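Visitor: I am new to this structure and would like to learn how to read it, one feature after another. Could you take me through it slowly?

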Amino acid sequence: MSGQAISTQLELLPDYLSHHLLLTVAALAAGIIVCLPLGFLVTRVKSLQWPTLALAGIFQTIPGLALLALMVPLLGTIGMIPALLALIMYSFLPILRNTVTGILNVDSSVVEAARGLGMNDRQVLYKVEIPLALPVLVAGIRTATVWVVGTATLATPVGATSLGNFIFSGLQTQNVTAILTGCVAAALLAIILDLLVRLVEIAASRRNLKLGLTAVISLLILIGGGLSPMIVTASDSKTPVSTVVIGSKPFTEQYILGEVMAGQLGRAGIKTDIRSGMGSMVLFEALGKGAIDCYIDYTGTIWSNAMNRRKNPGREAILKEMTVWLKREYGIVCPGPIAFENTYGLAVRRQNSEKDDLKTIEDLRRVAADFIIGSDYEFFSRPEWKALRDAYRLDFKEQLTMDPVLMYSAISQGDVDVISAYSTDGRIAAYDLVVLEDPRQALPPYDAVLLLSDNAARSKDIVEALSPLVGGIDDSTMREANKLVDLDGVAVDSAAAFLQSHLQKTLSRRSIEWQK
Amino acid sequence: MLALVGESGCGKTSTLKMINRLVELTSGSITVNEQNIMNLDPVRLRRSIGYVIQSIGLFPHLTVEENIATVPKLMGWASDRIARRTEELLKLVGLNAMEFKKRRPGELSGGQQQRVGLARALASGPKIMLMDEPFGALDPITRSGVITEFSKIQEELSLTVILVTHDMAEALVLADRIAVMQAGTVVALGSPFHLLSNPGNAYAEELLSMPQHQAQMLNEIMKSREES
């Protein structure tokens with residue numbers, strides 16, 4: 001159970017924590033810089049008050065994950081920038097609302113006296129209103145701090161490294177230690193930042209210089225210490241531009257393959273950065289724009305979702321047409337298939353299969369009215385699901401969306417009767433499920449393919465380092481690697497090491513021809 | 001000293017606030033020291049006029065000393081001059097400097113707070129004071145003490161004071177002239193003696209006779225006590 005060892009997780013902590021801290025502190029700093037002056041302005045210009053607070057309120061009502069995901073198409077990029085922008089917007093409401101409330105709640109007779117004594121607007125603000133509103137103002141900043149630290153864990157799916165990497169990958173690979181590490185680290189960070197902000201406030205209101213300095217210095221040490229792993233890595237890399245960015249989708253197989261690619265590139269002395277747990281279309285767009293250099297996708301996914309094709313002309317034709325299309329439309333290079341297929345399939349419990357005589361999806365139609373189908377976040381909104389439903393005229397009693405991890409326990413416990421399973425998933429056998437045949441070929445083939453950005457494909461080193469993957473991992477090998485993580489509790493990087501040693505063995509047995 | 005009297009909402013406070021431009025004029029003109037206030041910088045104008053209000057408005061986050069030093073600090077006085085001035089003012093309003101200067105407004109009684117408010121308004125040595133019901137929130141005994149002290153201070157510093165008050169007795173005792181206001185206009189103006197003998201307006205007459213009425217009522221109560 002090496003994957004569950006705390007030491008494995010702690011090794012990742014400096015990197016994740018420093019990114020998380022940078023994201024949080026930058027977002028809060030920007031939030032404060034924008035919202036304090038805006039809040040002061042709004043207390044002076046009453047007509048702006050309602051629209052400003054309403055707008056900030058709208059940002060707040062958008063769920064954190066959705067706000068982050070929205071930034072990706074809006075900004076056309078992934079990673080730090082969209083995550084930062086979303087978090088800044090998230091910090092607006094508490095800071096703004098407390099600034100406005102704090103200032104407006106200052107005793108009006110005190111403000112009148114201040115003006116009557118001959119303070120100008122600025123003096124009234126700085127000498128009277130801000131000092132008196134300080135506790136409320138700081139409370140807003142503290143609320144924002146806690147929210148932003150928490151929400152920043154959701155930056156992982158848009159390609160920004162954060163403590164969320166522990167949580168997302170831990171959830172997918174059923175690694176409780178990883179999830180806990182992420183949660184505890186985020187909680188501690190929130191508490192410490194909150195305390196330090198509070199300390200700055202106490203120091204300011206008591207006008208205690210010593211206390212203030214202590215708070216500010218510890219805040220700086222925390223930020224500096226947190227960011228140092230990043231600074232060290234940045235100065236270590238001689239050519240930071242050449243860092244290859246690897247993408248992966250949010251499921252076990254993709255996490256493993258991401259590590260395999262990183263391992264292969266690392267062996268060739270190339271620096272890498274893994275953006276794990278990203279959504280299919282986000283990843284695809286990012287590759288087209290060169291924000292990601294390489295990832296593994298599946299022919300059927302691109303065929304149905306990116307190319308919007310409905311007919312299924314067969315495995316070979318799809319691969320060929322897709323390769324040409326990717327190059328033409330996005331400059332994306334597909335060196336070739338990996339050799340395994342991870343198809344979507346509908347799976348039922350063996351006892352159901354035997355009792356109701358279910359062998360193909362065709363048979364499912366008879367019982368669909370009594371069956372509940374469960375699937376991952378994507379499937380029901382993908383064209384393949386529509387194609388499948390139309391081809392077999394399926395009408396289930398209910399359809400439930402859930403995390404892929406939970407699908408298997410849901411079907412084995414009888415909460416759902418059919419799930420959309422991935423064919424390389426070791427859990428199909430482990431949970432004694434039967435994958436139904438697709439005689440009408442409503443679903444396209446899902447051959448795993450290596451995809452490279454235009455830029456990455458121009459680098460001979462990158463292409464060479466990744467070439468062993470092409471034709472290098474077959475169905476049973478991939479299933480074995482997935483099983484190691486999903487069922488045996490092995491760490492993702494150990495499973496990746498297993499695949500890499502497998503690649504080395506096959507590599508010595510064959511030579512590879514590159515199709516351009 | 002001019003007292004503005006009249007019922008709530010008749011425009012006493014607005015008139016006062018127009019003088020230091022907390023409320024801007026929409027028509028007409030006001031002159032202070034023979035200068036049209038519209039030609040003066042409002043901030044400078046306010047610093048040259050003391051301003052005291054019923055709710056006092058001491059800065060709760062500052063000490064008594066710092067409250068009093070507000071205007072001198074804004075005007076850039078040297079710190080030793082400010083310190084001397086603060087002690088002088090505390091003495092003037094009858095508070096022990098050593099005892100009070102480091103306290104916060106929250107630790108003072110209402111009468112003490114109003115004395116500090118008065119000291120703060122006098123800090124830069126203004127010759128004109130605007131006072132909006134300055135003694136209104138004080139209990140009767142504290143109030144009569146503060147009023148007596150204030151009239152001494154006024155005489156000592158030869159201040160020009162415009163006082164807004166509800167209390168006719170206060171106006172009659174303190175003021176050199178009384179302006180009776182009704183619905184935004186002055187309906188009667190004159191010395192207490194002149195107005196008492198010749199109000200010239202029914203409303204002014206009624207208002208000015210209030211203290212006498214009260215005195216009469218008290219007398220009657222006392223009489224009925226004696227008889228029984």
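Guide: Let us begin with burial, where a residue counts as buried if 20 or more other C-beta atoms lie within 10 Å of its own, as exposed if 12 or fewer do, and as partly exposed in between, the C-beta atoms being placed from the backbone. By that rule, buried residues make up 47% of the 516 residues in chain A. Please keep in mind that this is a predicted model, in which local features need pLDDT of at least 70 and side-chain atom pairs count only at pLDDT 80 or more, while totals for chains, interfaces and linings use all residues. Residues are numbered from 1 along each chain as its sequence is written, and chains are lettered from A and ligands numbered from 1 in the order in which they are written.

Visitor: Into which domains is chain A divided?

Guide: With bounds that come from an automatic or database domain assignment, chain A is divided into domain 1 (2-236), domain 2 (242-301 + 314-337 + 455-509) and domain 3 (344-435). The C-alpha centres of domain 1 and domain 3 of chain A lie 43 Å apart, and the C-alpha trace of chain A spans about 90 × 55 × 45 Å along its principal axes.

Visitor: How many helices and strands are there in chain A?

Guide: Helices (H or I, at least four residues) and strands (E, at least two) are DSSP runs, numbered from the N terminus; chain A has 22 helices and ten strands.

Visitor: In what order do the five strands of the open sheet stand?

Guide: In general, strands of a sheet pair through backbone hydrogen bonds, either parallel or antiparallel; here two strands pair if DSSP finds at least two bridges between them. In chain A the five strands of the open sheet follow the order E7-E6-E8-E5-E9, with mixed pairing. Its edge strands are E7 (398-401) and E9 (433-435) of chain A, each of which pairs on one side only. Strand E6 (372-375) of chain A runs parallel to E7(A) and is joined to it by four bridges, and Ile372(A) stands opposite Glu398(A) in E7(A).

Visitor: Which helix lies across E6 of chain A, and at about what angle does it run?

Guide: Axes are lines fitted to C-alpha atoms, for helices over the stretch in contact, and angles run from 0 to 180 degrees between N-to-C directions; two residues are in contact if their C-beta atoms, placed from the backbone, lie within 7 Å. Helix H17 (404-412) of chain A lies across E5 (344-349), E6, E8 (418-422) and E9 of chain A, and runs at about 155 degrees to E6(A).

Visitor: Which way do the residues of E3(A) point?

Guide: In a regular strand the side chains alternate between the two faces of the sheet. In E3(A), Cys294(A), Ile296(A) and Tyr298(A) point one way and Tyr295(A) and Asp297(A) the other way, and all are buried. Because five of the five residues of E3 (294-298) of chain A are buried, the strand is largely enclosed by the rest of the structure. Five bridges join E3(A) to E10(A), the two running antiparallel, and Leu450(A) in E10(A) is the bridge partner of Ile296(A).

Visitor: How many residues does the contact take from chain A and from chain B?

Guide: The contact takes 14 residues from chain A and 15 residues from chain B. On the side of chain A that touches chain B, H5 (108-117) and H6 (121-151) of chain A each supply at least two residues, and H5(A) gives the largest share, seven residues. Among the buried residues of H5(A) are Val110(A) and Leu117(A), and what covers the buried residues of this helix includes H6 of chain A together with H2 (42-47), E4 (49-53) and H4 (70-74) of chain B.

Visitor: Where in chain B is Ala183(B) found, and is it buried or exposed?

Guide: Most residues other than glycine have a negative phi, and most peptide bonds are trans. Ala183(B) has a positive phi of about 45 degrees although it is not a glycine, and it is found in the loop between E7 (177-182) and E8 (185-190) of chain B. Ala183(B) is exposed, with 11 other C-beta atoms within 10 Å. Five bridges join E7(B) to E8(B), which run antiparallel.
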